[in-house]
Amino acid sequence: MSLLEDYIHRNVPEYYPTMYLDGYTPTQIMYAHRKKALKMAKERNQEIELSDQQKKSLENAVDKAMDDIFGGWV
């Protein structure tokens, strides 16, 4: 989204299903829906990044445990 588009639609709330009943134009409704979809995608990406960090931590813990268990078996 561009800065101009953000400025023009600065008073448009996040999308909700009955926006058309409240007098919003189709353009404003599309903007609100796109804004909500981008927000949800960003949150999903953050969750994925967290799970990647957790995966790395788990791999390190497993590697350390395996070294402790099988350290003398070289």
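**A loop and its partners**

Guide: Start with a charged pair: the side chains of K39 and E14 meet in a salt bridge, 3.3 Å from N to O. This pair joins distant parts of the chain, with K39 in helix 2 and E14 in the loop between helix 1 and helix 2, 25 residues apart. A salt bridge here means a side-chain nitrogen of Lys or Arg within 4 Å of a carboxyl oxygen of Asp or Glu. Side chains of opposite charge can pair when their charged atoms come close.

A few ground rules come next. This is a predicted model, in which local features need pLDDT of at least 70 and side-chain atom pairs count only at pLDDT 80 or more, while totals for chains, interfaces and linings use all residues. Residues are numbered from 1 along each chain as its sequence is written, and side-chain values use heavy atoms, leaving out hydrogens and water. Helices are DSSP runs (H or I, at least four residues), numbered from the N terminus.

Back to the pair. K39 is partly exposed, because its relative accessible area is 43%. E14 is partly exposed too, at 33%. The cut-offs are simple: buried is under 20% relative accessible area, exposed is over 50%, and partly exposed lies in between (1.4 Å probe, protein chains only).

Now stay with the loop. M19 is found in the loop between helix 1 and helix 2. M19 has 1% relative accessibility, so it counts as buried. Setting aside residues up to four places away in sequence, M19 touches V12, P13, E14, Y24, I29 and A32. Touching means contact, with heavy atoms within 4.5 Å. E14, then, is both a contact of M19 and the salt-bridge partner of K39. By contrast, M19 and L38 are 18 Å apart in space, C-alpha to C-alpha, and 19 residues apart in sequence.

H9 is in this loop as well, between helix 1 (3–8) and helix 2 (26–70). H9 is buried because its relative accessibility is 9%. Beyond residues up to four places away in sequence, H9 touches T27, Q28 and Y31.

R10 has its own arrangement. R10 lies over the face of Y7, at 4.2 Å from the ring centre. A charge sits over a ring if NZ of Lys or CZ of Arg is within 6 Å of the ring centre and within 35 degrees of the ring normal.

What about the two helices? The whole structure holds two salt bridges. One of them joins the side chains of E5 and R34, 2.5 Å from N to O. This pair also links distant parts of the chain: E5 is in helix 1 and R34 in helix 2, 29 residues apart. E5 is partly exposed, because its relative accessible area is 24%. R34 has 35% relative accessibility, so it too counts as partly exposed.

M30 is in helix 2. M30 has 54% relative accessibility, so it counts as exposed. M30 and N45 are 15 residues apart in sequence and 22 Å apart in space, C-alpha to C-alpha. After helix 2 comes the segment that holds W73. W73 counts as exposed because its relative accessibility is 68%.
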